[in-house]
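I have my notebook open and a structure to explore.

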Amino acid sequence: MKSAQKIVDSIRASVNVPFERVVYAIGIRFVGETTAKLLARHFHTIEALSAATVEQLQEVEGIGLVIAQSVVDYFRQPRNQDVLERLRAAGVQMQLSADAISGASDTLKGQSIVISGVFTHHSRDEYKALIEQHGGKNVGSISAKTSFVLAGDNMGPAKLEKANKLGVRIVSEEEFLEMIQ
């Protein structure tokens with residue numbers, strides 16, 4: 001009985017999954033988590049995404065011809081439209097939340113940012129979300145293409161050394177929060 005209740009609870013909770021995760025979960029070929037976030041933040045609703053042309057999809061930074069064609073092909077399939085209708089009827093989120101839309105800006109557009117260290121104001125995941133909301137891209141390692149490192153306390157010495165060697169700017173938590181305000 002407990003396992004059946006867990007399944008029911010899990011299904012109920014799935015309607016609260018954010019739209020970006022829904023775009024990822026519907027299984028469009030070549031669309032991973034990062035691409036799903038880009039598409040969700042650009043088109044805001046499943047209707048707008050499903051109506052997008054290859055050209056409109058390619059206007060999204062990071063979306064090339066192969067992914068754009070895959071998205072168009074996915075939404076052309078009647079069986080996929082049926083699945084989407086059933087998800088909509090079940091109450092699954094088919095649009096970006098008002099909070100996600102209102103918090104968005106292009107402040108960090110085109111910037112690749114590495115996060116390192118321990119933070120006091122927000123968690124690492126919250127900073128990753130803030131970077132994405134403001135148009136930036138989270139990257140895991142420092143390279144010459146890195147715009148800056150968001151550094152908390154106890155930043156890794158290897159990352160600090162590499163950032164200094166490559167001349168990558170180190171930004172404190174407070175500086176970052178001012179930057180996105």
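My entries below go from helix packing to cores, and then to single residues.

**Ground rules.** I am working with a predicted model, in which local features need pLDDT of at least 70 and side-chain atom pairs count only at pLDDT 80 or more, while totals for chains, interfaces and linings use all residues. I count residues from 1 along each chain as its sequence is written, and side-chain values use heavy atoms, with hydrogens and water left out.

**Entry 1: two helices.** I took helices (H or I, at least four residues) and strands (E, at least two) as DSSP runs, numbered from the N terminus. I looked up how helix α6 (residues 65-76) packs on helix α7 (residues 78-89), and found an angle of about 75° with the axes 5 Å apart. That makes α6 roughly perpendicular to α7. For that word I used 65 to 115 degrees; under 35 is roughly parallel, over 145 roughly antiparallel, and the rest oblique. The axes are lines fitted to C-alpha atoms, for helices over the stretch in contact, and the angles run from 0 to 180 degrees between N-to-C directions.

Next I listed who makes the contact (heavy atoms within 4.5 Å). From α6 come Tyr74, Phe75 and Arg76, and from α7 come Pro78, Asn80, Gln81 and Leu84.

**Entry 2: the cores.** A nonpolar core is a set of buried Ala, Val, Leu, Ile, Met, Phe, Trp, Tyr and Cys residues joined through side-chain atoms within 4.5 Å. Buried means under 20% relative accessible area, exposed over 50%, and partly exposed in between (1.4 Å probe, protein chains only). The largest nonpolar core has 28 residues, and Val71 and Phe75 are among those with the most contacts inside it. Helices α2 (19-25), α3 (33-43), α4 (46-51), α5 (54-58) and α6 each supply at least two of its residues. I noted that α6 gives the most to this core, with six residues.

I then followed phenylalanine 75. Leaving aside neighbours within four places in sequence, its contacts are Ile26, Ile28, Ile46, Leu49, Ser50, Gln81 and Leu84. A second, separate core has 13 residues, including Ile115, Tyr127, Ile131 and Phe148.

**Entry 3: one side of a helix.** Which residues of helix α9 (residues 124-133) are buried? I found Tyr127, Leu130 and Ile131. They cover an arc of only 100° around the axis, which puts them on the same side of α9. The arc is that of the directions from the helix axis to the C-beta atoms. Their cover includes β1 (112-116), β2 (137-139), β3 (148-151) and α11 (173-180).

**Entry 4: positive phi.** Most residues other than glycine have a negative phi, and I looked for exceptions. Histidine 44 has a positive phi of about 70°. I located histidine 44 in the loop between α3 and α4, and with a relative accessible area of 29% it is partly exposed. Asparagine 154 also has a positive value, near 60°. Asparagine 154 sits in the loop between β3 and α10 (157-166) and is exposed, at 69% relative accessible area.

Entry 5: Is glutamate 20 buried or exposed? Glutamate 20, in helix α2, counts as buried at 13% relative accessibility. Arginine 169, in strand β4 (residues 169-172), counts as partly exposed at 46%. Not counting residues up to four places away in sequence, arginine 169 touches Ser147, Phe148, Val149 and Met179.
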